[in-house]
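Thanks for coming. Please look at the model on the screen.

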Amino acid sequence: MNITRENGVMTLHGHSLIDIKNKYGTPLFVYDEALIRNQCRRFHTALQQSGLNYTISYASKAFTSIQLFKLMQEENMGLDVVSEGELFTALTAQFNPGRIHFHGNNKTKREIQYAIEAGVEYFVIDALDEIERINDIANQQGKSVKAVLRVNPGVEAHTHEFIQTGQEDSKFGLSINHGLALQGIQQIIASSNIEFHGIHFHIGSQIFESTGTIETIQIVIQWLKEHQIDIKVLNIGGGFSIRYTSDDISYPIEDGIKSITETLIATCESHDYPIPEISLEPGRSIVGEAGMTLYEVGTIKSIPGINKYISIDGGMSDHIRTALYNAQYEVELVDREEHELETVTVAGKLCESGDIIARNISLPQSIKSGDTLCVKSTGAYHYSMASNYNQMLKPAVVFVSDKGVRKVIKRQSLDHLIANEIL
Ligand code: LLP
């Protein structure tokens, strides 16, 4: 992210984060728009260099926003949605439905109906009983729909167990090893109103290397060849890692995509199998490092010899990943640069001991109430996982570029909190 300091104050594209805070309030999500666009372009360039036909769909669950979807469309990205709500938001952003595909391990009848009416590009079928459900609804609407089948390759990705999805014991996809995937394909091919379009897999998230994906491509192509099944599309999901702290690695997009696409080409050639179009669904790697959260410091509590708690004006309602995955973050003082550091814990203001942003991190000793903290790499799975726990308001979101600062999502109002209440 293009952060520098001017007179000690953190700035993004020349805009002081203190000015931004004063104008939009805290907690506030701040995105570097140029960085989002740059990530899209890096994936495009890497795939173009492979010479393969390809599509990239942004996994909208990482951060769902109308202005972001408009930006994605400008960057020639498709969209992956998993619910009626994500599809509704995308359609409201006037996203081309022909470039949206619909995921989910339990798509409701209503969602299927809505997606077919909207004219989505394809469904990612996740279960055997879903095939009949989609076929019946398509039939009732007098339409034919495309589908790819999500397979479970039985490959364990090296990441947090909560965000692994390719292991045999998983609610996602149909197992290749247990014969369910083959049964699924046969059932789709036999369906009157579904056209079999290809295969999908997604082995997990925050994966920093390509070995699991490479292994899965080899398994899938060999298996398809063995059963003489041709596909138009191979969707390899998302899961590319980002850097939260200096212990993490940002997925090396150029090198990684090169080895993945070279593996696909070589595997197809060695099995004399027609090379399919490749599709990707990155979420976190598109928006994660481009976003940060600004908070204002409130209470500071020192427990002699034990810890010092710096509490901020948000918490697990806008930052759940520390509580949920014990995720680690870098936090910086925005207002000034100071080198006298001490070990502290940054805590949220919600009524849970687990409501922590970052434990035992180094921050300036001079931090006082009214100062501003910035938590980095909060662009993915923060706003989208925000809640109204403790009736906290969801923060506002701004995009910053060299053209200026623009608000893309307003802060929730107190009226939002009771909008659905029966008074
Ligand atoms: N495709 C499928 C089928 C997925 O399930 C996911 C993420 C993606 C693509 C995008 O993965 P990404 O590129 O963003 O890693 N809340 C968790 C992450 C859950 C990921 C769910 N699926 C977190 O905060 O780490």
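Predicted model: local features only at pLDDT ≥ 70, side-chain atom pairs only at ≥ 80, totals over all residues.

The shell around the ligand is made up of seven nonpolar, seven polar and six charged residues. Residues are numbered from 1 along each chain as its sequence is written, and side-chain values use heavy atoms, with hydrogens and water left out.

Which residues come nearest to the ligand? Of the 20 around it, they are Ser 205, Glu 281, Arg 284, Arg 321 and Tyr 381; near means a heavy atom within 4 Å.

Now the polar atoms. A side-chain N or O atom of Ser 205 sits 2.3 Å from a ligand oxygen. For Glu 281, a polar side-chain atom is 2.6 Å from a ligand nitrogen. The side chain of Tyr 325 places an N or O atom 2.9 Å from a nitrogen of the ligand. On its own the ligand has 590 Å² of accessible area, and the protein covers 91% of that (Shrake-Rupley method, 1.4 Å probe).

Both domains contribute to the shell, with at least three residues each from domain 1 (3–31 + 290–417) and domain 2 (51–287); the bounds come from an automatic or database domain assignment. Their centres, taken over C-alpha atoms, are 33 Å apart. Domain 1 puts 20 residues into the contact and domain 2 puts in 18, with contact meaning heavy atoms within 4.5 Å.

About 1700 Å² is buried between the domains, 59% of it from carbon and sulfur atoms; this is the accessible area (1.4 Å probe) that two parts lose on being put together, summed over both. On the domain 1 side, Tyr 325, Glu 330 and Tyr 381 lose the most area to domain 2, together 31% of what that side buries.

The rule finds one salt bridge across this interface, that is, a side-chain nitrogen of Lys or Arg within 4 Å of a carboxyl oxygen of Asp or Glu. Arg 243 and Glu 330 form a salt bridge at 3.7 Å, N to O.

Methods. Polar contact = N/O pair within 3.5 Å; in protein donor to acceptor, adjacent residues only side chain to side chain. Nonpolar A, V, L, I, M, F, W, Y, C, P; charged D, E, K, R; others polar.
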